[in-house]
Amino acid sequence: PITRATGFFSRMVIVIGAEGTGISPIMIKRCDQLLSIPMAKGVESLNASVSAGIVLFAAGHSGEKNDKS
């Protein structure tokens with residue numbers, strides 16, 4: 001599935017912030033775009049590996065038509 005999103009990964013680095021504290025201010029300044037994952041009320045943070053999985057799943061399915069998975 002990730003190969004379907006080749007344009008998404010073209011010359012890109014995905015930075016995953018630490019649980020709770022996020023990404024350092026220095027790294028934020030170096031980023032061209034920032035992304036956050038909406039969370040349910042009362043949830044403070046997601047495990048970093050869970051966050052990475054969500055981002056990679058979304059990237060792998062970006063641009064798909066009639067996604068049934």
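Predicted model: local features only at pLDDT ≥ 70, side-chain atom pairs only at ≥ 80, totals over all residues.
Let me start with helix H3, where the 13 residues, counted at 1.5 Å a residue, should span 18 Å, and the end C-alpha atoms are 18 Å apart, which agrees. The expected span of a helix is taken here as 1.5 Å times one less than its number of residues.

Residues are numbered from 1 along each chain as its sequence is written, and side-chain values use heavy atoms, with hydrogens and water left out.

As for the overall layout, the chain has 3 helices and 0 strands, and its elements, read from the N terminus, run α-α-α. Helices (H or I, at least four residues) and strands (E, at least two) are DSSP runs, numbered from the N terminus. Of the 69 residues in the chain, 9% are buried, where buried means under 20% relative accessible area, exposed means over 50%, and partly exposed lies in between, with a 1.4 Å probe and protein chains only. The chain exposes about 5,900 Å², and carbon and sulfur atoms supply 58% of that area; accessible areas come from the Shrake-Rupley method with a 1.4 Å probe, and for residues only the protein chains shown count as cover. If we take the contacts between residues at least 6 apart in sequence, 60% of them join residues at least 24 apart, a contact being heavy atoms within 4.5 Å.

Now back to H3, which covers residues 48-60. Which residues of H3 are buried? They are Ser51, Val55, Ala59 and Gly60, and they lie on the same side of H3, because they cover an arc of only 165° around the axis. That arc is the one formed by the directions from the helix axis to the C-beta atoms. On the face turned away from this buried side, H3 carries the exposed residues Ser49 and Phe57.

Ser51 deserves a moment of its own. Ser51 counts as buried because its relative accessibility is 15%, and, leaving aside neighbours within four places in sequence, Ser51 is in contact with Ile16, Ile37 and Leu46. Ser51 and Ile37 are 14 residues apart along the chain, and their C-alpha atoms are separated by 7.6 Å.

Let me turn to the loop between helix H1 (6-9) and helix H2 (25-30), where we find Met12. Is Met12 buried or partly exposed? Its relative accessibility is 37%, so Met12 counts as partly exposed. Met12 belongs with Ile14, Ile16 and Leu56 to a nonpolar patch on the surface, and together these residues have about 290 Å² of accessible area. Patches are made of residues with over 30% relative accessible area and no salt bridge, with like charges joined within 9 Å and nonpolar side chains (Val, Leu, Ile, Met, Phe, Trp, Tyr) within 5 Å; a salt bridge is a side-chain nitrogen of Lys or Arg within 4 Å of a carboxyl oxygen of Asp or Glu. Met12 and Asp32 are 20 residues apart in sequence, and 10.0 Å apart in space from C-alpha to C-alpha.

Gly17 also sits in the loop between H1 and H2, and with 21% relative accessibility Gly17 counts as partly exposed. Not counting residues up to four places away in sequence, Gly17 touches Gly22, Ile23 and Ala48. Gly17 and Ile28 are 11 residues apart in sequence and 9.9 Å apart in space, C-alpha to C-alpha.

Finally, Met27 is found in helix H2 and, at 34% relative accessibility, counts as partly exposed. The C-alpha atoms of Met27 and Gly17 are separated by 9.6 Å, with the two residues 10 apart along the chain.
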